[in-house]
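Please work through the exercises below with the structure in view. Each task is followed by a solution in steps.

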Amino acid sequence: MVDLQLRVDDAGLQSAIAGLGQSISDWSGAWPAVAEAVHGIMREQFESEGARGPLGGWTPLSKAYAERKTKEYPGKPLMRATGRLYDSLVGDSPDAVVETTARTLVLGTMVPYAAFSRSSASGERGGGNQPQRALYDLTEADALTVGTPLHSAAQAAAKRLGFGSTADSK
C-alpha cells in the first residue's frame, strides 16, 4: 500500500488573514483623503449650481428674492449669499463637521439653514417656501473618487501582510 498524506501548515496564513481583518477595521488613515474627495465634490456642486449631479441644476431664485439678493449680495451665486454654507461644506470653516472613528467618517455642516436645502430625487421642496436644491447629488464617478482612498488603504494593508501576487510587485 502506498500512502500519501498532505498536511498544510496554514498557521501563517490564518495569522495573516486575521491581521488583514484587523488592519482594515481601522480606516482612520484613509479618512483625510476621503474627506478631501468629498469636499472637492462639494466645491464642484456649488460651482455648477447643482448642475453636475443627476438631479440637475438648482432651481433659480424667485424674482422677488433675486432682486433683493442683487442689492444685498451683489454678484453672489445661488446658495452663496454669505458663503457660510459653502465654506462649511468644503471644510473651510468652524461650521464644518468632520467626525471620525476607526470605522466611521461623518461630514456635514453646523449651519442651521442647511436643512432647508434638502436633497430629494422626488423634487420635494426644501423648508418653508424654498425649493429643493440638492447639496449632495452624487454621481457614479463620485463613488469611485470617494472609494479610491479606501481601496488604496485596503491594498496597502494587504501588501504589508504579504498578500498580493508577484505580478503586483513588478
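The model is predicted: local features need pLDDT of at least 70, side-chain atom pairs count only at pLDDT 80 or more, and totals for chains, interfaces and linings use all residues. Residues are numbered from 1 along each chain as its sequence is written, and side-chain values use heavy atoms, without hydrogens and water.

**Exercise 1.** Determine how helix 2 and helix 5 pack.

Step 1. Trp31, Ala33, Val34, Ala37, Val38 and Ile41 of helix 2 meet Asp142, Thr145, Val146, Pro149 and Leu150 of helix 5 (contact means heavy atoms within 4.5 Å).

Step 2. By type, the residues of this contact are nine nonpolar, one polar and one charged.

**Exercise 2.** Identify which aromatic pairs the whole structure holds.

Step 1. The search finds two aromatic pairs (ring centres within 6.5 Å; edge-to-face means planes over 60 degrees apart).

Step 2. Phe46 and Trp58 have ring centres 5.3 Å apart and planes at 80°, so this pair is edge-to-face.

Step 3. Phe46 also forms an edge-to-face pair with Tyr86, at 5.3 Å centre to centre and 75° between the planes.

Step 4. Phe46 lies in helix 2 and Tyr86 in helix 4, so the latter pair ties together parts 40 residues apart in sequence.

Terms used. Axes are lines fitted to C-alpha atoms, for helices over the stretch in contact, and angles run from 0 to 180 degrees between N-to-C directions. Helices (H or I, at least four residues) and strands (E, at least two) are DSSP runs, numbered from the N terminus. Ala, Val, Leu, Ile, Met, Phe, Trp, Tyr, Cys and Pro count as nonpolar, Asp, Glu, Lys and Arg as charged, and the others, Gly among them, as polar. Rings of Phe, Tyr and Trp (its six-membered ring) pair if their centres lie within 6.5 Å; planes under 30 degrees apart count as stacked, over 60 as edge-to-face and the rest as tilted.
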